[in-house]
Amino acid sequence: MPQKPKQLGRANGASGEAASVVRRVEAPLAKRETERPGMQGAATGLMEKVVERPNLLAALKRVRENKGSPGIDGMTVKELPAFLEVRWPRLREELIAGRYQPQPVKRVMIPKPGGGERELGIPTVLDRFIQQALLQVLQPCFDPTFSEASYGFRPGRRAHDAVCRAQGYVQDGRRFVVDIDLEKFFDRVNHDVLMGRLAKRIADRRVLGLVRRYLDAGVLADGVVIERHEGTPQGGPLSPLLANVLLDEVDKELERRGHAFVRYADDLNIYVRSKRAGERVMEAMRRLYARLKLHVNEAKSAVARATERKFLGFSFWIAPGRKIKRRVATETLKRLKERVRTLTRRSVGKSLAAVCEDLSAYLAGWKAYFRIAETPRVLAGVDKWVRHRLRALQLKHWKRGTVIYRELRARGMSEHAARQVAANGRRWWHNSTMALHLVLPNKLFDDLGVPRLVA
C-alpha cells in the first residue's frame with residue numbers, strides 16, 4: 001500500500017531533507033506555471049505526474065537507498081538534496097517544457113562470471129533521480145500488460161519464480177530446452193525500434209523525447225565523449241523497463257504460438273518435447289529477433305536436454321520416481337569455490353575472525369539465493385570443504401610446530417595426536433583433516449558467523 005507523501009518524507013533523515021527541498025521549490029514554480037499561456041490541460045500529461053511531489057520523494061528515497069558511485073560530474077548521492085534545493089526550479093521547468101538534456105554516462109567495465117567484461121554506463125546521480133521518477137510513472141502503465149512468463153526486473157516477481165516455472169515445464173514432459181542468449185543485448189538495442197514500441201503506448205511527446213535523449217546520451221570513456229546510436233547501457237534505473245518493453249513483442253508472439261517459455265530479462269528458455277521441435281523453434285526465433293534488429297549468440301545458445309543447461313544459476317536433475325528437482329548448476333558451484341578460495345587463501349594476512357567475517361557476508365547472500373536448491377548432500381559437501389579450508393588457515397596462522405602443539409594441547413587434543421600434527425606443521429591441508437574437527441569444531445565457525453549452506 002503506497003505511503004502518504006508526509007509519511008514518505010519522514011521515512012528517514014535523507015527523505016525528510018528531500019521533502020523539505022521539494023516543498024520549498026515546488027510551490028512557487030507551480031504558481032508560475034499556472035500563469036503561463038498554453039499550459040491548460042497539461043496537468044493530465046505523464047510528465048506532470050513525473051514531477052509530482054510524492055513521486056519525487058519516492059524517487060529520491062530509492063536513489064539514496066541504492067547508493068552507487070558518482071557519474072561523470074563527480075556528484076555523490078549525499079550531495080544531491082543540496083543540489084536540488086538550488087537547481088530544482090530550473091530543472092523542473094526544463095522537464096515540463098521538454099528541454100532537459102541528460103549528461104553522458106560514465107563507462108565502467110566489470111568482469112563477467114564466465115570470462116570477459118561487461119560494460120556498465122553509470123549515469124550522474126541527478127539523471128538517476130530523474131530516471132527513477134520516470135520509471136515510477138511508466139512501470140505501472142506497462143507492467144500489467146507484460147507476459148506472465150516474464151520475470152526480470154518486475155515488481156513482485158523473482159528469479160526463484162522463473163526457475164520454478166521452468167521446473168514445472170520439464171516435469172510436464174518438455175525435456176528439451178531452446179536456450180537463447182542474445183548477443184550483447186543491452187549494447188545492441190536499436191533506438192528507432194524501441195522508440196517505435198514506446199510511441200504506441202505513450203502519448204506525451206515530452207516523455208518520449210526525454211527517453212530518446214537518455215538513449216542518445218554519449219558515453220565518457222578515457223576522457224572522450226563517444227556518441228551512441230544503439231544500446232541502452234546497464235546501470236540506469238530505466239534500462240530494465242526499456243528492455244522489457246522491447247522484448248515483450250517476442251513474448252506475445254510466443255504466447256500466440258502456444259509455447260511454454262520463461263524469460264528473465266534477456267535470458268529466454270523455451271521448453272519443447274523433442275529436439276527436432278526445438279530446432280524448428282530456434283530457427284523461428286532467429287527470424288523473430290531479426291525483426292527487432294537483435295542477434296542470437298550462436299556460441300552460447302543451444303537446443304539440448306533441459307538437465308544439461310543452466311538457467312539463472314540453477315539446473316535440473318531427475319530424482320527417483322522421474323521427479324524433476326532443482327540443483328545449483330555445476331558452473332555456479334565452481335565459481336563459489338573460486339570465491340571461497342580467494343577469501344580463505346592462506347597468504348591473505350588476516351586473522352581467522354576477519355576471514356570468517358568476509359566469508360560470512362558472501363556465503364549469506366549466496367545461501368539466500370540458492371536456498372531453493374534440492375540437493376542437500378551436495379551443499380553439505382560444500383559446507384565440509386569450507387570448514388576444511390578454515391582449519392587449514394588456522395594451522396597456517398600458528399606456523400611453527402611448537403606453537404601448533406601448544407595450541408592443540410590447550411584445546412584438548414591428545415599428546416600423541418598433537419605431536420603427529422605438529423611434526424608435519426607445513427602440510428596445512430593434509431593436517432586439517434587429522435581430528436582437528438574435535439579441537440576446531442563446526443560450532444567455532446558457527447560462532448564466528450559462517451553460515452551453513454544446509455540448515
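1. pLDDT is the predictor's confidence in each residue, on a scale from 0 to 100. The structure under review is a predicted model, and this score therefore decides how far each part of the chain may be read. Over residues 25-44 the pLDDT stays under 50, and the model has 22 contacts beyond four places in sequence for this stretch. Residues 1-15 also stay under 50, with 17 contacts beyond four places in sequence. Where pLDDT is low, the predicted coordinates should not be read in detail.

2. For the chain as a whole, the mean pLDDT is 87. A value of 70 or more is reached by 88% of the residues.

3. The chain has 455 residues, of which 49% are buried. Its secondary structure comprises 20 helices and 10 strands. Among contacts in the chain with a separation of 6 or more, 73% are between residues 24 or more positions apart.

4. Which residues lie nearest the centre of the largest pocket? They are K112, R118, D181, D267 and K310, out of a lining of 45 residues. The volume of this pocket is about 1600 Å³. By class, its lining has 20 charged, 16 nonpolar and nine polar residues.

5. Several elements contribute to the largest pocket. At least two lining residues come from each of strand 1 (105-111), strand 2 (117-122), strand 3 (176-181), helix 8 (185-188), strand 7 (267-272) and helix 13 (330-343). Helix 13 provides the largest share of that lining, with five residues.

6. The second largest pocket holds about 680 Å³ of space. Its lining consists of 25 residues, and those closest to its centre are R62, N66, Q132, L135 and P237. Helix 4 (53-66), helix 6 (125-142) and helix 11 (239-256) are the elements that give two or more residues to this lining. Helix 4 gives the most, with six residues. The lining of the second largest pocket divides into 10 nonpolar, 10 polar and five charged residues.

7. How many cavities of 30 Å³ or more does the structure hold? There are two. The largest cavity has a volume of about 160 Å³. Of its 17 lining residues, Q131, Y214, R228, P233 and S239 are the closest to its centre. Helix 6, helix 10 (205-216) and helix 11 each supply at least two residues of this lining. Helix 6 and helix 11 also each give two or more residues to the lining of the second largest pocket. By class, the lining of the largest cavity has nine nonpolar, six polar and two charged residues.

8. The second largest cavity contains about 40 Å³ of space. It is lined by V177, N269, Y271, A306, R309, K310, F311, F314, S315 and F316. Strand 7 and strand 9 (314-319) each supply at least two of the lining residues, and strand 9 accounts for the largest share, three residues. The classes here are six nonpolar, two polar and two charged. K310, listed in this lining, is also one of the residues nearest the centre of the largest pocket. Strand 7 likewise supplies at least two residues to the lining of the largest pocket.

9. A search of the whole structure finds eight aromatic pairs. One of them joins F185 and F186 in an edge-to-face arrangement, with 5.0 Å centre to centre and 75° between the planes. F185 and F186 are both buried. These two residue positions fall within helix 8 (185-188), one of the elements that supply at least two residues to the lining of the largest pocket.

10. W366 and F370 form a further aromatic pair, which is tilted, at 4.5 Å centre to centre and 35° between the planes. The two residues are four apart in helix 14 (residues 352-370), so about one helical turn separates them. Is W366 buried or exposed? Its relative accessible area is 8%; because buried means under 20%, W366 is buried. F370 also counts as buried, at 8% relative accessibility.

11. Which residues do ring pairs link into a cluster? The cluster consists of F314, W366, Y369 and F370.

How values were computed
Residues numbered from 1 in each chain as written. Predicted model: local features only at pLDDT ≥ 70, side-chain atom pairs only at ≥ 80, totals over all residues. Heavy atoms only, no water. 1 Å grid on protein atoms, 1.4 Å probe; cavity = no way out; pocket = protein on both sides within 12 Å on 5 of 7 lines; lining within 4 Å. Points joined across faces, edges and corners; volume = space filled by probe spheres on them. Nonpolar A, V, L, I, M, F, W, Y, C, P; charged D, E, K, R; others polar. Contact = heavy atoms within 4.5 Å. Phe/Tyr/Trp six-rings, centres within 6.5 Å; stacked < 30°, edge-to-face > 60°. Buried < 20%, exposed > 50% of the residue type's maximum accessible area, 1.4 Å probe, protein only.
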